[in-house]
Amino acid sequence: MDPLRIGIVCYPTVGGSGVVATEIAIQLARAGHEVHLLSYDRPARLKHSVPGVHYHGVQVSAYPLFRYPPYDLALATRMLEVQEEAGVDLFHVHYAIPHAISAFLADAMGNRPLRWITTLHGTDITVVGADRAYTRPTRFAIERSHAVTAVSSFLAEETRRTFGCAAEIDVIPNFVDTERFQPGQEGRFWARPSRERRIVHASNLRPVKRAADVVRAFAQIAARVPARLTLLGDGPDREHALAVAADLGVLDRVEAAGVREETELARAFADADLFLSASETESFGLSMLEAMSCGVPCVSTDVGGVSEVFGDTGRLVPFGDVDAMAAAALELLEDADLHRVQSEAVRERAVSEFAQGKVLGRYEALYRRVLEATD
Ligand code: GMT
């Protein structure tokens with residue numbers, strides 16, 4: 001089949017949607033397609049140049065009159081330029097706001113039709129999209145997209161419920177590179193002389209992630225078994241989480257490891273014993289999938305699409321119930337046999353359901369479907 005010229009638009013920050021978009025870009029380029037990636041900064045996972053992926057930065061001028069620089073306009077212009085210069089066949093925009101609206105505008109401004117697919121990731125629907133100021137443009141942009149995908153059935157349903165959208169939404173789950181995210185060689189806590197349990201949490205530490213609840217659950221765990229918590233990633237709630245750790249007397253066992261590249265992330269997960277997530281909402285939970293791929297069992301709040309990722313592995317607890325989270329974690333951390341079974345089960349689920357090779361073909365098939373339908 002002919003190679004395609006695909007434009008990918010995403011946020012560059014260390015967040016799941018940027019990671020997914022960049023991984024799609026890299027894999028498409030490896031498969032021989034020409035990829036143009038647009039963002040306001042170089043995405044974290046595109047630190048080094050990748051043959052076949054062309055990065056286009058979007059510049060927003062800081063004119064004194066603009067209290068809020070209009071990024072959506074600058075992006076629309078850049079999309080149009082990239083379409084004209086590189087002959088992009090199709091744009092794939094990640095996160096509805098404002099990317100899908102910029103695509104609509106670029107299409108309206110250009111001389112030839114611009115086609116785009118919108119992938120919904122999470123708070124573009126559950127939080128931002130539900131804000132009255134953004135509801136109508138989000139609904140409009142979704143309905144005008146040439147195809148719409150969501151990363152979980154939960155998110156697709158939530159989109160229909162919040163916006164009353166009639167648009168068809170394909171559910172294409174997130175994926176993981178199961179070669180890069182592999183179990184380590186060291187063994188888990190039962191193989192360590194210290195028996196110390198290594199607990200991890202990875203996120204952008206925004207309030208929605210409830211990092212302080214992770215610390216609270218950890219304090220209960222650490223009161224029962226030797227344990228250490230590593231917070232991977234960075235964000236606004238970092239200091240609060242550490243203050244809670246200090247209040248609970250476990251600060252010496254909590255490490256805030258900052259933003260991690262995926263190689264470091266894979267290394268940190270490789271020999272970890274448990275991933276804790278206390279999110280208020282989570283449409284998918286990509287970091288948990290990456291941990292699962294490394295054989296790390298997860299305990300999470302039962303929110304959003306997490307149950308779709310877990311299947312019958314892991315443990316789900318009610319949102320806000322720190323005691324239940326600690327109890328579920330201890331069940332796994334005090335029983336080496338149960339932990340071994342769970343560790344194998346999560347790895348097996350990541351490989352059988354979410355391996356990158358299985359999922360990516362669905363995007364390529366969708367691109368071709370949209371192009372054929374609109375030719
Ligand atoms: O929606 C967000 O909060 C940001 C977004 C991101 O860019 O990281 O995260 C969402 O997309 C990820 C990738 O699809 C999902 O793994 C996360 O669950 C989802 N976050 C939320 O729903 C809170």
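This is a predicted model: local features need pLDDT of at least 70, side-chain atom pairs count only at pLDDT 80 or more; totals for chains, interfaces and linings use all residues.
In what order do the six strands of the open sheet lie, and is their pairing parallel or antiparallel?

**View 1. The open sheet of six strands.** The order is S10-S9-S8-S11-S12-S13, with parallel pairing. Strands here are DSSP runs (E, at least two residues) and helices are DSSP runs too (H or I, at least four), numbered from the N terminus; two strands pair if DSSP finds at least two bridges between them. Strand S10 (254-258) and strand S13 (315-317) are the edge strands, each pairing on one side only. On average, neighbouring strands of the sheet are turned by 25° against each other, direction ignored, with axes as lines fitted to C-alpha atoms.

**View 2. Strands S8 and S9 side by side.** S8 (residues 197-202) and S9 (residues 227-232) run parallel and are joined by six bridges. Look for Val200, which stands opposite Thr230 in S9.

**View 3. The shell around the ligand.** Here 20 residues surround the ligand, and the closest are Gly15, Gly16, Ser17, Gly122 and Thr123; a residue counts as near if its C-beta atom, placed from the backbone, lies within 6 Å. Helix H1 (16-30) and helix H4 (123-126) are the elements that give two or more residues to this shell, and H1 brings the largest share, four residues. By class, the shell has six nonpolar, twelve polar and two charged residues (Ala, Val, Leu, Ile, Met, Phe, Trp, Tyr, Cys and Pro count as nonpolar, Asp, Glu, Lys and Arg as charged, and the others, Gly among them, as polar).

**View 4. Where domain 1 touches domain 2.** The chain is divided into domain 1 (5-175 + 355-374) and domain 2 (189-353), with bounds from an automatic or database domain assignment. Contact (C-beta atoms, placed from the backbone, within 7 Å) links 20 residues of domain 1 with 15 residues of domain 2. On the domain 1 side, H1, H4 and helix H6 (153-163) each supply at least two residues.

View 5. Just after H10, Gly295 takes a positive phi of about 80°.

Conventions. Residues are numbered from 1 along each chain as its sequence is written. Two residues are in contact if their C-beta atoms, placed from the backbone, lie within 7 Å. Axes are lines fitted to C-alpha atoms, for helices over the stretch in contact, and angles run from 0 to 180 degrees between N-to-C directions.
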